[in-house]
Amino acid sequence: MVHSTCYTKHHLLISMDKLIVEGGYKLSGTVNISGSKNASLPILAASILTDEPVRISRVPDVSDTNYMIQILSQLGASVERSSGTVRIESPDGISSSASYDQVRKMRASICLLGPIMARMHRCTLPLPGGCVIGDRPVDLHVRAIQALGARVRIKGGNLVMEAPNGLIGTTVDMRGDSGPTVLGTDNLMMAAVLAKGTTIIESAAREPEVVDLANFLNKMGARIEGAGSRTITIHGVEKLHGCEHTVIPDRIEAGTFMVAAAMVSDGLQINRVCRKHIQAMADLLVECGHVVEFDEEGTSVFVKPGERPRSGKILTAPYPGYPTDMQAQMTALFALTPGISVVKDTIFPQRFMHCSELKRMGANIKVDNGTAIITGVEGLSGAPVMASDLRASAALVLAALAAEGTTEIHRLYHIDRGYEMLDEKLMMLGARVQRVLDTDARNIED
Ligand code: EPU
């Protein structure tokens with residue numbers, strides 16, 4: 001196995017690898033889906049809510065979970081990781097402030113806000129900046145913590161929060177202009193578990209990752225009801241204890257392999273999935289003429305290309321709607337599907353960086369005002385391309401697998417943030433992919 005990242009005492013070095021993909025080889029066989037990155041991140045953060053050990057299994061070995069583990073260590077927790085299981089113990093006296101150096105690498109570190117406030121009643125967290133997929137404000141996170149009685153100010157680029165007498169439960173409406181917020185709901189839930197009294201979250205995010213976090217917190221002794229619905233009720237408790245938890249399967253990794261199967265395979269068996277979590281993606285593939293068959297338990301799905309693929313439409317929406325994290329991958333499929341397809345991202349309207357790279361491979365895509373209009377072409381051709389964010393990179397890998405000739409995908413570290421051993425898994429399915437050191441990387445980064 002090739003590791004994407006390596007640790008030094010204080011820094012996580014970014015991998016300078018690129019992926020060379022020889023296109024046109026059909027995938028076949030079986031693939032196992034890893035644990036969810038987006039469920040793991042808040043669950044790892046929530047581990048500091050107790051001084052007792054917690055044991056979390058199926059945490060994917062990706063750089064985002066590595067960043068989170070490194071921040072937890074810097075806060076003073078002891079962390080051990082082996083074979084997908086992470087054991088964390090956070091003694092009294094852990095720090096209430098995280099360093100900018102760590103937080104700037106991963107926007108999701110904002111989900112430390114809730115647990116640090118709940119445990120320490122104060123928190124200094126550098127404000128995460130925007131990122132390539134959009135502005136990414138944190139106003140709803142701040143509003144939530146203020147509603148629980150914390151004083152919040154911004155100083156030196158940090159959010160500085162204090163609630164000397166502890167947090168106090170109340171009713172908070174978490175709906176923003178673009179709908180509910182996933183990590184905002186997580187933060188409020190984590191802050192409220194140790195608050196005095198009852199907190200009611202209105203317009204809560206319903207994503208499976210929120211439900212997994214609530215299940216984890218309840219195993220620690222929290223009293224949370226209604227996770228997965230629009231209203232979550234949290235009865236504050238005095239103390240939480242250690243527990244064991246297994247993270248849910250990564251629905252976006254599953255969706256990515258489903259799209260790969262529909263684009264360039266003789267049929268793929270995709271194991272360790274949860275049918276309910278990937279139903280919107282399965283429905284769209286079926287609408288577009290592809291074959292999708294679940295087993296009886298809904299934990300395994302077989303996908304193969306349909307005989308007459310059809311164009312389709314995506315309007316991204318909060319769960320159970322079509323996820324924004326899966327629109328780039330479907331755009332790669334639409335690029336090779338006869339007819340005109342339309343992708344509108346209502347959650348991150350700027351999330352179309354992959355389109356210009358797909359066009360360099362021969363795709364016909366116009367992007368305007370948060371919408372991509374894709375006219376299917378007969379074939380794509382390999383080219384050197386640049387990954388820009390996690391899901392955009394996944395779209396480029398899928399396009400490269402289906403393209404004629406060789407594609408070089410630079411800035412592979414974007415993929416390493418969220419896909420566990422993607423190159424290894426693809427190789428096992430018969431893809432010709434090779435991860436190599438990108439000797440041009442420095443010039444490209446400049
Ligand atoms: N928003 C606000 N104010 C806030 C927070 C969010 O206006 O304070 C807006 C956002 O700008 C966006 C919408 O609300 O328009 C929803 O964003 P959300 O807060 O739900 O995003 P998030 O919680 O920061 C998580 C995932 C993202 C995924 C989004 C949407 C994690 C670690 N990240 O982010 O995953 O796209 O939910 O489902 O769970 C990815 O994995 O590639 C990824 C980007």
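Mentor: Contact means heavy atoms within 4.5 Å. Helices (H or I, at least four residues) and strands (E, at least two) are DSSP runs, numbered from the N terminus. This is a predicted model: local features need pLDDT of at least 70, side-chain atom pairs count only at pLDDT 80 or more, and totals for chains, interfaces and linings use all residues. Residues are numbered from 1 along each chain as its sequence is written, and side-chain values use heavy atoms, with hydrogens and water left out.

Trainee: What makes helix α4 largely enclosed by the rest of the structure?

Mentor: Buried means under 20% relative accessible area, exposed over 50%, partly exposed in between (1.4 Å probe, protein chains only). Eight of the eight residues of α4 (residues 113-120) are buried, so the helix is largely enclosed. Arg119 is among them.

Trainee: What covers the buried residues of α4?

Mentor: The cover includes α1 (37-46), α2 (63-75), β8 (122-126), α5 (139-147), β10 (158-162) and α6 (182-192). Just after α4, His121 takes a positive phi of about 65°.

Trainee: Why is the pair of Asp64 and Arg417 called a salt bridge?

Mentor: The rule asks for a side-chain nitrogen of Lys or Arg within 4 Å of a carboxyl oxygen of Asp or Glu. Here the closest N and O atoms are 2.8 Å apart. The pair therefore qualifies. Arg417 sits in the loop between α13 and α14 (422-428), and Asp64 in helix α2, 353 residues apart.

Trainee: How do you know which of these two residues is buried?

Mentor: Asp64 has a relative accessible area of 4%, so it is buried. Arg417, at 22%, counts as partly exposed.

Trainee: How is the chain divided into domains, and how much area do they bury?

Mentor: Domain 1 is 9-34 + 249-444, and domain 2 is 37-246. These bounds come from an automatic or database domain assignment. Buried area is the accessible area (1.4 Å probe) that two parts lose on being put together, summed over both. The domains bury about 2,400 Å² between them, 50% of it on carbon and sulfur atoms. Across that interface the rule finds two salt bridges.
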